[in-house]
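Work through the exercises below with the model open. Each task is followed by its solution.

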Amino acid sequence: MEFHYTVTSNKSVEAVIEALDAQLKAEHFGILWHLDLTQKLRDKGIEDYTRPFHILEVCNPHEAAKVLGHNELVGYFLPCKIVVYADQSHVRIGLPRPTALLGFLNNSELNETAEAIEQTLIRVMEQAK
């Protein structure tokens, strides 16, 4: 299994982010923070990185509280991240797999929760692409 899950979209970056927002809300997740990394780099004087790259930090508060209550080390992996970026010809949507991250903790109960969250986020990405 790969560390990440990535899909390709023919939509614009902006349209993908809008679709992700709507799909996340339908699954009881929300975007806590949206970083336009390309703009932030420009703001810091770095003009030579021009491809759109956005990082969305997403969370379902009930799931976050549940896993944190089980093991506070999970906080090292929260919130979940979804990235949206443009490469040479496509828009990509990706995430680090929660199962890969929480697998480091070797806890079967957390692994089951990570699998459920991962499947939800994959479904969100597939529907938004």
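**Exercise 1.** Which helices and strands each supply at least two residues of the lining of the largest pocket?

Solution. The model is predicted, with local features needing pLDDT of at least 70 and side-chain atom pairs pLDDT 80 or more, while totals for chains, interfaces and linings use all residues. Residues are numbered from 1 along each chain as its sequence is written, and side-chain values use heavy atoms, without hydrogens and water.

Step 1: the elements are β3 (53-59), α3 (61-70), β4 (80-86), β5 (91-96), α4 (98-102) and α5 (108-128). Helices (H or I, at least four residues) and strands (E, at least two) are DSSP runs, numbered from the N terminus.

Step 2: the lining has 21 residues, with F77, L78, P79, C80 and P98 nearest the centre of the pocket. A pocket is an open set of points on a 1 Å grid over the protein atoms alone, where a 1.4 Å probe fits, with protein on both sides within 12 Å along at least five of seven lines; lining residues have an atom within 4 Å of a point.

**Exercise 2.** Describe the peptide bond between L78 and P79.

Solution. Step 1: the bond is cis, with omega about -15°. Step 2: P79 sits in the loop between α3 and β4.

**Exercise 3.** Is H28 buried or exposed?

Solution. Step 1: H28 lies in the loop between α1 (13-26) and β2 (30-36). Step 2: its phi is positive, about 70°, although H28 is not a glycine. Step 3: H28 is exposed because its relative accessibility is 60%, exposed being over 50% relative accessible area (1.4 Å probe, protein chains only).

Notes
Buried means under 20% relative accessible area, exposed over 50%, partly exposed in between (1.4 Å probe, protein chains only).
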